[in-house]
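Hi everyone, thanks for coming.

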Amino acid sequence: MDYEDKRLKLAERLKEELNLSDRVYNAIKKVPRHLFVPERYRSEAYVDTPLPIGYGQTISAPHMVAIMCELLDLKEGEKVLEIGTGCGYHAAVTAEIVGKNGLVVSIERIPELAEMAKQNLSALGYDNVHVIVGDGSLGYAEKAPYDKIYVTASAPDVPKPLIEQLRTGGKMVIPLGESYQTLYIVEKEDGIIRKSWGAVRFVLLYGKHGFRNPEE
Ligand code: SAM
């Protein structure tokens, strides 16, 4: 079976199991995940599991990417901030949904991964994704406010700069916790409404509003 067949099967399974909207289903069906993973993992690219991408980090499992896109209720033309670019796969799925009139700003703290993501994304023509090297727990004020924000690494609490950079009426999805993690949906109206979605497993968010990196 070639990559396209495997990807279609995975997208169909996720659509059925998670009751995916057409826009998330179409994005998962379109983005070639095998081109975002190291060559030795390509044969596993359409298994619904996280995979190593180097530097102790992972590409998220397709179901988690799909669930986060659904929870954010992403729409065409939106401006989205991603914290934790990794290899760029989730950013590509988001970019498919927001389209050419939308924008994805994505921050990665490991320069080598940011470079890998930039190459992956530009090879596939995703010029509506801007990858920035830095501490994503500070957000990226230059392009704020954002319609939607999502964090792909688990934080001790919702970083204050991310709340500030979310537009009123906007939504954020973020995992919180260290050994036991919960995915939260944060909505900004007059105040902040926080709802838990369920247990998840992510790598940790390091940085000023993240956990302390034991290697630094
Ligand atoms: N979004 C990725 C994908 O497409 O599958 C998954 C990324 S991985 C689960 C989480 C990423 O968050 C790692 O690449 C890690 O280096 C990054 N990260 C951790 N703390 C960060 C921070 N403070 N700022 C930016 N990136 C951070």
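Let's start with helix 2, residues 22-30, where Val24, Tyr25, Ala27 and Ile28 are buried. Buried here means under 20% relative accessible area, with exposed over 50% and partly exposed in between, using a 1.4 Å probe and protein chains only. Those four residues cover an arc of only 165° around the axis, so they sit on the same side of helix 2; the arc is that of the directions from the helix axis to the C-beta atoms. As a reminder, an α-helix has 3.6 residues a turn, so residues three or four places apart point the same way.

What do the buried residues of helix 2 pack against? They pack against helix 1, helix 3 and helix 4, where contact means heavy atoms within 4.5 Å.

A quick word on the ground rules: this is a predicted model, so local features need pLDDT of at least 70 and side-chain atom pairs count only at pLDDT 80 or more, while totals for chains, interfaces and linings use all residues. Residues are numbered from 1 along each chain as its sequence is written, and side-chain values use heavy atoms, with hydrogens and water left out. Helices (H or I, at least four residues) and strands (E, at least two) are DSSP runs, numbered from the N terminus.

Now helix 1, residues 3-18, against helix 3: the angle is about 50° and the axes are 11 Å apart. Axes are lines fitted to C-alpha atoms, for helices over the stretch in contact, and angles run from 0 to 180 degrees between N-to-C directions. The pair is therefore oblique, the class left after roughly parallel (under 35 degrees), roughly antiparallel (over 145) and roughly perpendicular (65 to 115). Leu10, Leu14 and Leu18 of helix 1 meet Pro62, His63, Ala66 and Ile67 of helix 3.

Helix 3, residues 62-72, also packs with helix 4, residues 89-98, at about 40° with axes 10 Å apart. That makes helix 3 oblique to helix 4 as well. On the helix 3 side we have Val65, Met68 and Cys69, and from helix 4 come Tyr89, His90, Val93, Thr94 and Ile97.

Last stop: Lys148, in strand 6, residues 146-151. Is it buried or exposed? Lys148 is buried, with a relative accessible area of 5%. Beyond neighbours within four places in sequence, its contacts include Asp73, Glu78, Lys79 and Lys171.
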